[in-house]
Amino acid sequence: MTTYSTNPQTKPGMVMTLAIMTLVSGIINLLWGPGVIFGTFGVGLLCTPLLLLNLVLGAFEIAYAIKLLENPPQPVRPSQAIAIWEIVALVTFNIFSVVVGIVALIFYNDQAVKDYFARINVAQTPAPIEPLPALPAEPAPALSEVEGPVEPAAPRPEAAPVKPKRIRKVAKS
């Protein structure tokens, strides 16, 4: 039986592999779109909407991989959406992304990877705060019990009305 560390700092090998593969796939996706356009001497411009998929996916992959590689780890969930979009990248003939997407989905179902994501996503519950001691309730003094004369509040000065601006007519020549 394999034992796994409960320390959230310890990343399973599959998580590290997943992070590195996602980072490399993101870089390849960022280069894939312009590479197809320039590699086909501009004919790839006809497929620009499809190639935008690679650019956007590459940016998301790099951002996700950086979160996975950070030390100490940030709370991050397994991104099955990115893995599925990597598989969808088959429409742009990016086979490397497809392989990474399939491997990512397989890794996300591994128990060690599930346990790791569960550990880093546990909400840190703060220590309970003790309530402050209640102050003794004293009734508000009645108006007759207030010492000294009660003066009414001074009236607020009203703002002067704003004068409308004059509009000058310019003579036409």
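Q: Where does S25 sit?
A: S25 is in helix 1. This is a predicted model, by the way.

Q: Okay, and is S25 buried or exposed?
A: S25 is buried, because its relative accessible area is 1% and the cut-off for buried is under 20%.

Q: Which residue is 71 residues from S25 in sequence but 7.0 Å from it in space?
A: That's F96, with the 7.0 Å taken C-alpha to C-alpha.

Q: What about T17, which element is that in?
A: T17 also belongs to helix 1. T17 is partly exposed, with 35% relative accessible area.

Q: How far is the C-alpha of T17 from that of A104?
A: The two C-alpha atoms are 9.3 Å apart, while T17 and A104 are separated by 87 residues along the chain.

Q: Let's zoom out. How many helices and strands does the protein chain have?
A: There are five helices and zero strands. In sequence order the pattern reads α-α-α-α-α.

Q: And how much of the protein chain counts as buried?
A: 25% of its 173 residues.

Q: Now the packing: what angle do helix 3 and helix 4 make?
A: About 150°, and their axes are 7 Å apart. Helix 3 covers residues 80–88 and helix 4 covers residues 95–108.

Q: Why do helix 3 and helix 4 count as roughly antiparallel?
A: Because angles over 145 degrees fall in that class, and helix 3 packs against helix 4 at about 150°, the pair is roughly antiparallel.

Q: Which hand does the crossing of helix 3 and helix 4 have?
A: The crossing is left-handed.

Q: What's going on with the phi of F93?
A: F93 has a positive phi, about 65°, although it isn't a glycine. Most residues other than glycine have a negative phi.

Q: Where is F93, then?
A: F93 is in the loop between helix 3 and helix 4.

Q: Where's V76?
A: V76 is in the loop between helix 2 and helix 3 as well. V76 counts as buried, at 9% relative accessibility.

Q: How far apart are V76 and Y64?
A: In space, 8.5 Å from C-alpha to C-alpha; in sequence, 12 residues.

Q: Last topic, the surface. Which residues form the nonpolar patch?
A: The patch is made of I27, L30, L31, L52, L55, V56 and F60. Together they have about 630 Å² of accessible area.

Q: Which elements give two or more residues to the nonpolar patch?
A: Helix 1 (13–39) and helix 2 (48–69) do.

Q: And which helix gives the most to the nonpolar patch?
A: Helix 2, with four residues.

Q: What about L30, where is it?
A: L30 lies in helix 1. With 34% relative accessible area, L30 is partly exposed.

Technical notes: Residues are numbered from 1 along each chain as its sequence is written. This is a predicted model: local features need pLDDT of at least 70, side-chain atom pairs count only at pLDDT 80 or more; totals for chains, interfaces and linings use all residues. Side-chain values use heavy atoms; hydrogens and water are left out. Patches are made of residues with over 30% relative accessible area and no salt bridge: like charges are joined within 9 Å, nonpolar side chains (Val, Leu, Ile, Met, Phe, Trp, Tyr) within 5 Å. Accessible areas come from the Shrake-Rupley method with a 1.4 Å probe; for residues, only the protein chains shown count as cover. A salt bridge is a side-chain nitrogen of Lys or Arg within 4 Å of a carboxyl oxygen of Asp or Glu. Buried means under 20% relative accessible area, exposed over 50%, partly exposed in between (1.4 Å probe, protein chains only). Axes are lines fitted to C-alpha atoms, for helices over the stretch in contact, and angles run from 0 to 180 degrees between N-to-C directions. Angles under 35 degrees count as roughly parallel, over 145 as roughly antiparallel, 65 to 115 as roughly perpendicular and the rest as oblique. A crossing is left-handed if the near helix is turned anticlockwise from the far one by less than a right angle, and right-handed if clockwise.
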